[in-house]
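Please work through the following exercises on the model shown below. Each task is followed by a stepwise solution.

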Protein chains: 2
Amino acid sequence: MGGDHAPAAVVEGATLFAREHPQHQVILVGEERRIREALRGEPGGAISLRHASQAVAMGEHAGAAIRKKKDSSIRVCFELIRSGEASAMVSAGNSGAVMAGALLVLGRISGIDRPAFATLFPALKGEGRCLLLDAGANVDCKATHLAQFALMGEAYVRKLLGVQNPRVAILSNGEEATKGTLLTRNAVELLQRSDLRFIGYVEGKDIFSGDVEVVVTDGFTGNIVLKTSEGTAMAVAGLIRSAVQRAGLSEKLGALLLKPTLAGLQKVVDYAEYGGAPVLGVNGVGIVAHGRSQAKAVKNALKAALQTTQAHFQDELVARVRAAQSWLPARPAKRIKEPSEEAHSD
Amino acid sequence: MGGDHAPAAVVEGATLFAREHPQHQVILVGEERRIREALRGEPGGAISLRHASQAVAMGEHAGAAIRKKKDSSIRVCFELIRSGEASAMVSAGNSGAVMAGALLVLGRISGIDRPAFATLFPALKGEGRCLLLDAGANVDCKATHLAQFALMGEAYVRKLLGVQNPRVAILSNGEEATKGTLLTRNAVELLQRSDLRFIGYVEGKDIFSGDVEVVVTDGFTGNIVLKTSEGTAMAVAGLIRSAVQRAGLSEKLGALLLKPTLAGLQKVVDYAEYGGAPVLGVNGVGIVAHGRSQAKAVKNALKAALQTTQAHFQDELVARVRAAQSWLPARPAKRIKEPSEEAHSD
């Protein structure tokens, strides 16, 4: 039920995925009547339907909505994971509600205080990808949270992108150790004691440099990085368009000839293409697709969910967090949501 | 003496400026021998030379360097402004040292606790420009500082870009009032009481939207926005290049035909072209050009310095800050640098 083009784009994306992966089952969760309309008929084959009478809207307070709306599509998805009926969930809806649902229904992994959203950025050299987290779940962070993000991000990049020995850094306003805030300086101290390949501070431009594979920051800054990058890429695309419109005939011909190249570029810049932002640190696989997601982005998010499950990423993460307890302190994990968790889930 | 290509690029930029504006004087401040080398002869016409025996290096602690190196080129520039020999200064060097020099030699404007760096971004619609501040001077900010940034940014955009009634916003991780940090929420309260055209929160992508002309944030976040945007634009340019290299003959022809358009684009994206980042809130005009600045960027920074002086921006700013005392509290201004100021100048 989530996203600008729901349920049509979600249903279409699921149909594309099911066609490519007929050996896996997709459960469409939401208002039965509207899903049937989007399906133009009965579900069948690899696609089934699970009615959910409620939905969390984009503007709603995420934590309150998830607790109150017990039959909301997001919450039902997590209940399906909890009961073992589903292995993973994908939503293009309210990302705060996805985080709140994951925390309430699945709970945190033992050793992780603050689950985070992770987002992949394109890099020009190196492994060609950089994972940034937290991309927006936790506005107020402590140094231990940043260290936990580093641990989770490293595991994800190693296991799912196949990077052997990922470099991990903290986002700051300069590379020198004297830069940063109290938060980043405390996180540096923690990560220097870790067994990660920690390279210190990096700046905003380094995310795209190929010199680092995992960049950690608080969720406030992470969200701003994500949106600034999106805005810049859209501005560049728009400037190309308007420059071509103002330009002469030869430039217009040039743009026509370059169209396939520029379309390919759009794909690299559009992070929705990467398969959405995974929730890292909860007991299950949840992925948030961009609210603007069309069918293809939904399909890619489903593929990412499948790969995460098939790679047994959750087992790897749990083992990795347990092995890190020597240098990384954490509160004991609880299934039931605490007031302190609520603050960062909306 | 500052910047990756100093003194050659600085001297060349000054020469270009002097040729276009022969009625104004440029004083080149730095090591006499090296400047003469770069000039390939004697200074003359609109260009004169002022020897400074020291320079602040990029990695140096800005505050300490400015206090210790009394004959550093940056400090001498500010002394020339203080003595009335110069109307404005431009540096492509250590930006922290420029801020420290401005604070130490010129002092803060009464009513401004924290001078800030302001940076212009391109916007697709509207006025075509958006001013972001603080772009990196003040890592730890209070709500009053953000409100003062708003006041200074509004004055700059109105006076120097000619925008009649600029819209002012606070950068946040979402548009809803429940978003943001304690800092941003307190700043919202202050700005709602102001006489500015305050539109609340905006997200990172909105900087480029044309829907806002002044965006305020703390210097940590501002620096990251600046570098992320730079990194994204460079990544997009790099992706176009490598896509064209991999593409077929017709795409290569297309790229060739589009070359003038893409070159024009580079100019819009490269914020150095805008004439550097002004220091707002000190008793004089100081402008930091990008460290990568070539001659043209130095020339543009000199033009911006000239325009700022000719527009009597400082008088306007002082009047504007005085008029805002009813809603905007500030510490009394001091000429001598205080320990609390030191923390944000390196």
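**Exercise 1. Confidence at the end of chain A.** State how many contacts beyond four places in sequence the model has for residues 341-346 of chain A.

*Solution.* Step 4: chain A as a whole averages a pLDDT of 89, with 91% of the residues scoring at least 70. The predictor assigns the complex an ipTM of 0.89 and a pTM of 0.90.

The model is predicted: local features need pLDDT of at least 70, side-chain atom pairs count only at pLDDT 80 or more, and totals for chains, interfaces and linings use all residues. Residues are numbered from 1 along each chain as its sequence is written, while chains are lettered from A and ligands numbered from 1 in the order in which they are written.

**Exercise 2. Overall form of chain A.** Determine how the radius of gyration of chain A relates to the globule rule.

*Solution.* Step 1: chain A contains twelve helices and ten strands, which are DSSP runs (helices H or I, at least four residues; strands E, at least two) numbered from the N terminus. Step 2: its radius of gyration, over C-alpha atoms, is 21 Å, close to the 20 Å from the globule rule (2.2 Å times the number of residues to the power 0.38) for 346 residues, so chain A is as compact as a globular protein of that length. Step 4: among contacts between residues at least 6 apart in sequence, 71% join residues at least 24 apart.

**Exercise 3. The domains of chain A.** Identify the element that gives the most to the side of domain 1 of chain A that touches domain 2 of chain A.

*Solution.* Step 1: the domain assignment, with bounds from an automatic or database source, gives domain 1 (8-112 + 275-320 + 330-342) and domain 2 (119-272). Step 2: their centres, over C-alpha atoms, are separated by 24 Å. Step 3: 20 residues of domain 1 are in contact with 14 residues of domain 2. Step 4: α5 (95-106), β9 (277-280), α10 (295-310) and α11 (313-323) of chain A each supply at least two residues of the domain 1 side. Step 5: α11(A) gives the most, with four residues.

**Exercise 4. The chain interface.** Describe the side of chain B that touches chain A, by element and by class.

*Solution.* Step 1: 53 residues of chain B are in contact with 54 residues of chain A. Step 2: α8 (219-246) and α9 (249-269) of chain B are the elements giving two or more residues to this side, and α8(B) gives the most, with 21 residues. Step 3: this side has 27 nonpolar, 18 polar and eight charged residues, where Ala, Val, Leu, Ile, Met, Phe, Trp, Tyr, Cys and Pro count as nonpolar, Asp, Glu, Lys and Arg as charged, and the others, Gly among them, as polar. Step 4: 20 of the 28 residues of α8(B) are buried, so this helix is largely enclosed by the rest of the structure.

Note on methods
Contact = placed C-beta atoms within 7 Å. pLDDT = per-residue confidence, 0-100. Buried ≥ 20, exposed ≤ 12 C-beta atoms within 10 Å, placed from the backbone.
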